[in-house]
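The following explanation is meant to be read alongside the sequence and the coordinates.

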Amino acid sequence: MSRGTSHRHRARRVILTLGAVTTAACLVACTPGGAGAESPPSAESTPTTPPPVSPTPVPPTPAPPTPTRDVEVRSGALPAPVASVAPVRLAIPALDIDMPVTDVGVAEAGQMELPVDPAVAGWYRYGADAVSTSGRILIAAHVDAIDYPIGPLARLRDVPAGESVIIAADDGTSREFVIQSLTYYEKSALPVDELFARGGPTALVLVTCGGPFDSTTGHYRDNVVAVAVPR
Amino acid sequence: MRKTVAAGLAVGMITALGLALPAAAATSVAQLSVLHAIPDTPVDVYVNGELTLDDFAPGDLAGPLELPAGAYEVAVTAPDAADASAPILGPATLTLAAGANYTAVAHLTEAGEPGLNLFTNDTAQTAPGQGRLTVRHTAAAPAVDVLAGGSPVITGLTNPNEAKLDLPAGTVSASVALAGTTDPVIGPADVAIQEGVNTIVYAWGSAEDGNLAIAAQTIGGLHSNPDGVPSGTAGYLAQQDASTTVLVSAGVVALAIAAAIGAGLVIRRRATVR
């Protein structure tokens, strides 16, 4: 219904009048009196052309006005959000990594939530999903956690560029990426706006911890970040 | 500070991610959406005398239009009017500020008269993991409460006002009841609170005519990112690395001692030969 309306409007679009709207807008914006103000004096003072000697034929019914710009119109119905396609498995064959992935959000302190078990990776559910064609698919896992064995992503620091990474999704598809870079960031300097970007080129971003461990705070100094691009 | 494992890989990283930062350029335009919330009557909408929305149906949302900041004259006419000279609503002057986001709503006042109201949409960033719910009372009805899961979260909202709150992403079962009551006059309806999205819900129509309804609008891209990724808490890997280093160091020392002893033997042998 709304789609039909939108198409109809598009068909009736009159591009030339767009300029008129912009000009009118500019005049309004630049005139202190606002929308109700009169036309500039220059327009008033231009000499009017004399009326034509012979009356011109008038069409029997004037054409109805047409919209001056193409405006998207849709129903105000409550939107049904598009469901994401979650990655459910992460594999890096060269490192003998093949681990389950669950979806995670944000922890209390505003940091990314992570599965407690280092053997399970977390996919940031608000970012790009397994089938996205833009933005970063971000998957992270603990390198270690108290009372658990050291996790598979401990080996991420050894991944050479060019290695294959495969994610399997909950719709049954899988997608292959190629490691492009491996970088250590001090956690205080992690470029979260780049790593969590919702737009831009598609990349799979894998994050874990590394570098020196501070036993007083219980945290590693660094994040180890691997970026992989679609093959 | 960041330490890159291989210089060549760092170049790749920059190529992949370096263009991600949005250009925070100052904007001179405003965003304007238009909602038709007067029951039963399709209308035409004129902006500065130009027909902009033709046969605009009740419950429909148009836009957003990107317009240079400034003042605009808006008039609402019967659907087949020849021009804006005989509006049924307006003309009204809407002043739009650069960088701001607005929704103009043609709706009924509490008394049931047609009215035009310009709302400013809150596009401030939301916390990571949260979305925003804005509720606007644009119906011919008295003050209302908004209930989420049966409990009031917004109370005493009157036409033409709004209330808003930021909530964790998820689904809220929302309903509207007359203020001080819990018997829904609208809903309950499942409202998706999407992360980084302002979901604006309008109560519109007329209580007297029994056609109260909701309309919705969403404005996305308000998200912010987590502060960090705390992906290690035990230090086991660091311990393992440290013990490996100790073993390697011990091995190096042992080799050095062996070499020294060997060298000493050679010297002694030479001494013996001499």
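In this predicted model, strand β1 of chain A, residues 73-75, runs antiparallel to β5(B), and three bridges join the two strands across the chain boundary. Within this pairing, Arg74(A) has Leu61(B) of β5(B) as its bridge partner. The contact between the chains as a whole draws 78 residues from chain A and 69 residues from chain B. On the side of chain B that touches chain A, at least two residues each are supplied by β1 (2-4), α1 (7-17), β4, β5 (60-68), β6 (70-77), β15, β17 (213-219) and α2 (236-273) of chain B. Of these contributions, the largest share is that of β5(B), with seven residues, and β5(B) is also the strand that bridges to β1 of chain A. Sorted by class, this side of chain B consists of 38 nonpolar, 21 polar and ten charged residues.

Within chain A, a run of strand pairings can be followed from β2(A) onward. β2(A) and β3(A) pair in the antiparallel sense over four bridges, and in this pairing Leu90(A) stands opposite Met99(A) of β3(A). The two strands form a hairpin with four residues between them. On its other pairing, β3(A) is joined to strand β4 of chain A, residues 121-124, in the parallel sense and again over four bridges, with Asp103(A) standing opposite Trp123(A) of β4(A).

Most residues other than glycine have a negative phi, and most peptide bonds are trans. Asp96(A) counts as exposed because its C-beta neighbours inside 10 Å number 9.

Asp40(B) is placed in the loop between β2 and β3 (43-47) of chain B, and because 9 other C-beta atoms lie within 10 Å, Asp40(B) is exposed.

Seen as a whole, chain B has two helices and 17 strands, and buried residues make up 41% of its 274 residues. When contacts in chain B between residues at least 6 apart in sequence are considered, 61% of them join residues at least 24 apart.

One of the sheets built from these strands is an open sheet of four strands, ordered β4-β3-β6-β7 in chain B and paired in the antiparallel sense. The strands at its edges are β4 (50-56) and β7 (89-96) of chain B; each has a single partner strand, so one side of each is left without a neighbour in the sheet. On average, and with direction ignored, neighbouring strands of this sheet are turned by 20 degrees against each other. The antiparallel pairing of β3(B) with β4(B) is made by four bridges, and here Val45(B) stands opposite Leu53(B) of β4(B).

At the level of domains, the assignment for chain B gives domain 1 (26-120), domain 2 (131-226) and domain 3 (234-266). The centres of domain 1 and domain 2 of chain B, taken over C-alpha atoms, are separated by 22 Å, and 18 residues of domain 1 are in contact with 21 residues of domain 2. The side of domain 1 that touches domain 2 receives at least two residues each from β2 (29-37), β8 (101-108) and β9 (114-120) of chain B, and β8(B) gives the most, with five residues. By class, this side of domain 1 has eight nonpolar, nine polar and one charged residues.

Two peptide bonds of chain B also deserve attention. The bond from Asn159(B) to Pro160(B) is cis, with omega near 0 degrees, and Pro160(B) has its place in the loop between β12 (151-157) and β13 (162-168) of chain B. The bond from Gly187(B) to Pro188(B) is likewise cis, with omega near 5 degrees, but Pro188(B) is found in strand β15 of chain B, residues 184-193.

Methods: Residues are numbered from 1 along each chain as its sequence is written. Chains are lettered from A and ligands numbered from 1 in the order in which they are written. This is a predicted model: local features need pLDDT of at least 70, side-chain atom pairs count only at pLDDT 80 or more; totals for chains, interfaces and linings use all residues. Domain bounds come from an automatic or database domain assignment. Two residues are in contact if their C-beta atoms, placed from the backbone, lie within 7 Å. Ala, Val, Leu, Ile, Met, Phe, Trp, Tyr, Cys and Pro count as nonpolar, Asp, Glu, Lys and Arg as charged, and the others, Gly among them, as polar. A residue is buried if 20 or more other C-beta atoms lie within 10 Å of its own, exposed if 12 or fewer, and partly exposed in between; C-beta atoms are placed from the backbone. Two strands pair if DSSP finds at least two bridges between them. Axes are lines fitted to C-alpha atoms, for helices over the stretch in contact, and angles run from 0 to 180 degrees between N-to-C directions.
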